[in-house]
Amino acid sequence: MTPFTALSEPVVEPRRPPLVVAEEDGEAPLDWLERHRDALRGQAAGHGSVLVRGLRLEGRADAVAALRRLMPDPYVEYEPFAPRTVHAEGVYSSSEWPPDQPMCMHHEASYALDVPSLLAFCCVTPPASGGVTALADSRRVLADLPAPLVERFERLGWELLRNYNAFVGVPWQSAFPGGGDRAAVEDYCRRQGIAYSWDDDGLRTRQLRPAVARHPLTGERCWFNQIAFLNEETMDPAVREYLALEFGAEGLPFTTRYGDGTPIDRATVDLINEVYERHTVRFTWERGDLLLVDNVRTAHSREPYRGDREIVVAMGGPVRL
């Protein structure tokens, strides 16, 4: 008898990520994961994502241990847009984001020069309702966006403007390496191609990034950015109005523009999100679920939820696109 079912090609269903069911018959879950790690990572690359269901992963400690087995090449996150708890190198809590607000489709750290090529999520506590981690194929999104819009972003890139202060989001002292040392932050920004300035409230940054990337393994063109998610138009209007009154129109915690500095209007943000929605697949979290996601080929989002929800996430496979 085999301890767990042999790893086979995942079951593919419309509107759901490919599924592998691990049927228990004695082998420890962590040993099974380590034995099948390369195959699982390969299937995530081949399908864009893969869901493993049926492992005996109970509680946060099991989740962290499982993700560390899957990610021997951890990615250390800098410049986060929302606070996280660090559980281990490259292993984090999900972003602290209001449960009644969606996190729009995005690719993790797509504003950085070096990005994680692979993500893994483990469900410790499923929400009472909602809280879906939805997925979208960035190749299909790119093909479905209007050609003139894609051409404009390919020609100009996209610009991310951020304001780090002690009141909103992640303060600069913990967002960058150096433990609050300004010289270390400035050195990091120079190496990462980030323009920066200091003011009474904290740190202001500007970075220009490509909107389309080639997949590191296949060479396929992918819509790879956070243009819509980090645009000010995605904020709750009341929150945006309050922040603008407190910090000024140029002091919002983040927003995006075309690479030449031209503002991106609400209609364009809505259009991008509508195209994402046409290519979105969803599934309902179950306790112990393990989801691997190719971060370049597949965008992800988090939908509003009710009740407790704990998802542990690992980032790995650092790559410069």
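Predicted model: local features only at pLDDT ≥ 70, side-chain atom pairs only at ≥ 80, totals over all residues.
1. Residues are numbered from 1 along each chain as its sequence is written, and side-chain values use heavy atoms, with hydrogens and water left out.

2. Start with the open sheet of 7 strands, ordered E1-E2-E16-E6-E19-E4-E3 with mixed pairing. (Helices, H or I with at least four residues, and strands, E with at least two, are DSSP runs numbered from the N terminus; two strands pair if DSSP finds at least two bridges between them.) At its edges sit E1 (19-21) and E3 (86-88), each pairing on one side only. Ignoring direction, neighbouring strands here are turned by 25° against each other on average.

3. Tyr 92 has Val 313 in E19 as its bridge partner.

4. Two helices pack on this sheet. H1 touches E1, E2 (49-53), E6 (114-125) and E16 (290-294), and its direction makes about 145° with that of E2. H2 touches E3, E4, E6, E16 and E19, at about 150° to the direction of E6. Contact means heavy atoms within 4.5 Å; axes are lines fitted to C-alpha atoms, for helices over the stretch in contact, with angles from 0 to 180 degrees between N-to-C directions.

5. How do the helices meet each other? The axes of H1 (residues 29-47) and H2 (residues 59-70) come within 8 Å and cross at roughly 45°. That makes H1 oblique to H2, because angles under 35 degrees count as roughly parallel, over 145 as roughly antiparallel, 65 to 115 as roughly perpendicular and the rest as oblique. On the H1 side, the contact residues include Leu 33, Arg 37 and Leu 40, while those of H2 include Ala 65, Ala 66 and Arg 69. The contact divides into 6 nonpolar, no polar and 6 charged residues (Ala, Val, Leu, Ile, Met, Phe, Trp, Tyr, Cys and Pro are nonpolar, Asp, Glu, Lys and Arg charged, the others, Gly among them, polar).

6. There is also an open sheet of 4 strands, in the order E5-E17-E8-E15 with antiparallel pairing. Its edge strands are E5 (103-106) and E15 (280-281). E5 is joined to E17 (residues 298-302) by 2 bridges, and Met 103 stands opposite Arg 302.

7. Finally, Glu 108 and Arg 84 form a salt bridge at 2.8 Å, N to O (a side-chain nitrogen of Lys or Arg within 4 Å of a carboxyl oxygen of Asp or Glu). Glu 108 lies in the loop between E5 and E6, and Arg 84 in the loop between H2 and E3, 24 residues apart.
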